[in-house]
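Hello,

Here is the structure I promised to pass on to you. Please have a look at it first, and then read my notes below.

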Amino acid sequence: MAENRPGAVQDLQKKIREAFEAFDYESNNTVDVREISTIIYSLGCFPTQQDLHDFIGQVEEDHAGFAHVDKFLPAMTKVLLENNVCVYVRFPPIADDLLLQAFEVLDKNKKGYLGSEELTKYMTQEGEPFSQEEMIEMLTAVADQDNNHIYYKDFIGQLTVDTEV
């Protein structure tokens, strides 16, 4: 595989592995297949439900309901490195500025944050809805523990991937 800079693929695989490990609750190099969409979203990719279903079919262990990092890592790396360069063709990412604009549209009072209930309403009732389980996981990761606010400018970088890898 060609690389844009030395160590680019290794850096990308490190980021993929870290995202995977965040959902490996038993520390056994596996995740429940229901976590795969959240992992992919955390890497800044937003596949259609059909693409997601197809991807899960590639990485799921014998229809057992879990995926092992040894299958997930190369498959996700391949998705992110189309044509030997880091071009997101299969699961196109959303640019930071567009994501920020989307949050700003939802933040009607221009507070710089969304409340947990407010974000949950948008994410479970609009577009391709998140499940309650996905929302709980996301809010656990991004909501301020003291006031349940999501300061979206602080975590947009976690939702996107640097396409210059």
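To start with the overall layout, the protein chain has eight helices and four strands as its secondary structure. Read from the N terminus, the elements follow the order α-β-α-α-β-α-α-β-α-α-β-α. Please keep in mind that this is a predicted model.

Mean pLDDT for the protein chain is 81, with 83% of its residues at 70 or more. Strand β2 (residues 66-68) has the highest confidence, at 96, while helix α8 (residues 152-159) has the lowest, at a mean of 76. One stretch to read with this in mind is residues 83-89, where pLDDT stays under 50. For that stretch the model has 20 contacts beyond four places in sequence.

Next, a few totals. The protein chain has 165 residues, and 41% of them count as buried. Its exposed surface comes to about 9500 Å², of which carbon and sulfur atoms supply 50%. If you take the contacts between residues at least 6 apart in sequence, 60% of them join residues at least 24 apart.

Now to a pair of helices. Two packed helices are described by the angle between their axes and the distance between the axes. For helix α3 (residues 49-59) and helix α4 (residues 69-80), the axes come within 9 Å and cross at roughly 140°.

Is I56 buried or exposed? Its relative accessible area is 18%, and because buried means under 20%, I56 counts as buried. Leaving aside residues up to four places away in sequence, I56 touches V33 and I36. A67 is 11 residues from I56 in sequence, and the two are 8.1 Å apart in space, C-alpha to C-alpha.

R34 sits in the loop between β1 (30-32) and α2 (36-42). With 54% relative accessibility, R34 counts as exposed, since the cut-off for exposed is over 50%. Along the sequence R34 and F66 are 32 residues apart, yet their C-alpha atoms are 8.2 Å apart in space.

Finally, two loop residues for you to look up. Most residues other than glycine have a negative phi. H63 is not a glycine, but has a positive phi of about 55°. You will find H63 in the loop between α3 and β2, where it is exposed, with a relative accessible area of 73%. K110 also has a positive phi of about 55°, although K110 is not a glycine. K110 is placed in the loop between α5 (96-106) and β3 (114-115), and its relative accessibility of 61% makes it count as exposed.

Happy exploring, and do write back with any questions.

Best wishes

How values were computed. Residues are numbered from 1 along each chain as its sequence is written. This is a predicted model: local features need pLDDT of at least 70, side-chain atom pairs count only at pLDDT 80 or more; totals for chains, interfaces and linings use all residues. Side-chain values use heavy atoms; hydrogens and water are left out. Axes are lines fitted to C-alpha atoms, for helices over the stretch in contact, and angles run from 0 to 180 degrees between N-to-C directions. Buried means under 20% relative accessible area, exposed over 50%, partly exposed in between (1.4 Å probe, protein chains only). Contact means heavy atoms within 4.5 Å. Accessible areas come from the Shrake-Rupley method with a 1.4 Å probe; for residues, only the protein chains shown count as cover. pLDDT is the predictor's confidence in each residue, from 0 to 100.
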